[in-house]
Amino acid sequence: MAAPHASFRDSVDRMFTQAARFMDLPGGLEEKIRVCNSTYTVRFGVRLRGQIQTFTGYRSVHSEHMEPVKGGIRYSLDVNQDEVEALAALMTYKCALVEVPFGGSKGGLCIDPRQWDEDELERITRRFTYELSRRSLISPSQNVPAPDMGTGEREMAWMADAYKRLHPDDINAKACVTGKPLAAGGIQGRVEATGRGVQYALREFFRHPDAMQRAGLTGTLAGKRIIVQGLGNVGYHAAVFLSTQDDALITTVIERDGAITNPAGLNIDALRGHIQSTGGVRGFAGGEFRENGMAALEDECDILLPAAVESVIHAENAPRIRCKLIIEAANGPVTADADQILRDRGVVIIPDMYANAGGVTVSYFEWVKNLSQISLGRLERRHEEARARLIVDELERLSADTGLNWTLSKGFKDAYMTGANELDLVRSGLDDTMRVTFGKMKDVWMSNPNVTDLRTASYMVAIRRIANVYRSLGL
Ligand code: NAD
């Protein structure tokens, strides 16, 4: 798939070092922040299909400057120590960047989830949870996993239940993982959160003409041609929101079996349905199919949105990428070598650390909800509505009394008098996070002559915050 390139962890380290050299960090602190604290490898057996099957899993803890540490669990045959350590490091920087009070962690299981049925996957997941729990690598106060590639609400519910059985007296047990289904203590808006965050990040980028100018973009998101790689949780939600709410055109979707293209814009829900029923994009009636998906990354477009796996844009194909803006919905889709090539060519990259931070942001809201044992908005909603009604009633009374006879439109009254529910609050908190964070990164990007890209700016904001925590701890 990819040309020879530096490992994912080398790429993350190089990007970190590139940013750190512009900062005046006390001796040794740069190294302390960069290195991964520990990685646990476990091999465990589960009796399945008449014999003991052995699985290999990892949980890496990159930084405990804040606890709990946080990061997803990936199920894939490609999982390895280098990958989980790179992803754990990214989690540390991501949490610092979006001001989520966690350290960074990541886990993975070397498994192809499609080769096991639901019952088998449940047994494997419960056993993996037991192994993690024995070493406090799953715990509401120390280490809180979440979904990632190959896992979702279902796996998180199994993990939460397995943890609860091991710790029946822990009143906070539900907070041991996030990304759970609502019925198991999840939060509204978590499934869509990462894709929603990608949408909010792009909307924010398009509110800044100076940022758009650097990418050679004008206008709004409407009509912009977007190529999406990976129509899973993140890619699907980003694509469906951008096409149906911002009128962007998803011109190509690249999946494992190839690419499907329609210059007038693909119908994402229909395509998703096709993938679910056939297993791939081949044969979808609403576009033209090509077997060579990787070549489609090089098609001309305004925005490239990789949302599948790491290292898909590397030194070999970077010179041929023909977009103005890349938004890294996946973790690490652009290698350090490709990053340099694209930067030299004037392509602007919205980095993964920021672009896909919607997931961990809403996971944070879920963790807070679990610890407080109450859903967001439950106390305030009707009170807010009653206060809005007071104002509307008073305005209407004044208008009648003074003979002005204003009438407030029904649309306005309904919207104004509706208190925020959990989903409204989650989206509001996420939107705020993406907007405030973009401002912080952009300040560094635009004001520091050494900084020519958003990735370096994002690392600098994150590293500064982590360094401040270490300093306050006396290190
Ligand atoms: P997912 O398993 O739901 O979806 C991944 C999709 O990519 C699948 O449709 C798969 O078929 C496709 N895919 C895999 N390899 C491919 C390839 N080589 N070419 C084209 N398509 C390919 O995973 P996800 O949760 O959407 O995660 C995608 C990326 O986003 C990962 O890098 C993950 O670390 C990152 N991420 C996910 C979350 C989250 O909340 N799920 C949060 C932050 C970052």
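Pro-68 sits in the loop between β2 (51–63) and β3 (69–75). This is a predicted model, so keep that in mind throughout. Glu-67 and Pro-68 are joined by a cis peptide bond, with omega at about 5°. Why point it out? Because most peptide bonds are trans, and most residues other than glycine have a negative phi.

Two residues here have a positive value. Asp-247 is not a glycine, yet its phi is positive, at about 60°. Find Asp-247 in the loop between α8 and β7. Then go to Ser-311. Ser-311 is also a residue other than glycine, and its phi is positive, near 60°. Ser-311 belongs to the loop between β10 (303–306) and β11 (325–327). Is Ser-311 buried or exposed? Ser-311 has 7% relative accessibility, so it counts as buried.

Now the ligand. How many residues surround the ligand? There are 22, and the closest are Arg-74, Asp-148, Thr-194, Glu-255 and Asn-331. Take the shell by class. It has 9 nonpolar residues, 8 polar ones and 5 charged ones.

Start with Arg-74. One of its polar side-chain atoms is 2.8 Å from an oxygen atom of the ligand. Next, Glu-255. Here a polar side-chain atom lies 2.5 Å from a ligand oxygen atom. Then Asn-233. This time the backbone is involved: a polar backbone atom of Asn-233 is 2.9 Å from an oxygen atom of the ligand.

How much of the ligand does the protein cover? On its own, the ligand has 830 Å² of accessible area, and the protein covers 86% of that. Which elements give two or more residues to the shell? They are α8 (233–245) and β7 (249–255).

Look down the axis of α9.

Check both ends of α9. At the start, a side-chain oxygen of Asn-267 comes within 3.2 Å of the backbone nitrogen of Asp-269. Just after the helix, Gly-279 has a positive phi of about 90°.

Next, two buried residues. Thr-92 is in helix α3 (residues 81–97). With a relative accessible area of 1%, Thr-92 is buried. Its side chain makes a polar contact of 2.7 Å with the side chain of His-62. Leaving out residues up to four places away in sequence, Thr-92 touches His-62, Ser-63, His-65, Gly-103, Gly-104 and Ile-466.

A polar atom of the Ser-139 side chain is 3.1 Å from the backbone nitrogen of Gln-142. Which residues does Ser-139 contact, beyond neighbours within four places in sequence? Those are Val-144, Tyr-163 and Cys-176.

Last stop: the two loops on either side of α15. Trp-406 is in the loop between α14 (381–401) and α15. Trp-406 has a relative accessible area of 56%, so it is exposed. Compare Glu-385, 21 residues apart from Trp-406 along the chain: their C-alpha atoms are separated by 21 Å.

Thr-418 is in the loop between α15 (410–416) and α16 (422–447). Thr-418 counts as partly exposed, at 46% relative accessibility. A polar atom of the Thr-418 side chain lies 2.5 Å from the backbone oxygen of Asp-414.

Notes. Residues numbered from 1 in each chain as written. Predicted model: local features only at pLDDT ≥ 70, side-chain atom pairs only at ≥ 80, totals over all residues. Heavy atoms only, no water. Helix = DSSP H or I, 4+ residues; strand = E, 2+ residues; numbered from the N terminus. Buried < 20%, exposed > 50% of the residue type's maximum accessible area, 1.4 Å probe, protein only. Polar contact = N/O pair within 3.5 Å; in protein donor to acceptor, adjacent residues only side chain to side chain. Near = heavy atom within 4 Å. Areas by Shrake-Rupley, 256 points an atom, 1.4 Å probe, with all protein chains shown as cover. Nonpolar A, V, L, I, M, F, W, Y, C, P; charged D, E, K, R; others polar. Contact = heavy atoms within 4.5 Å.
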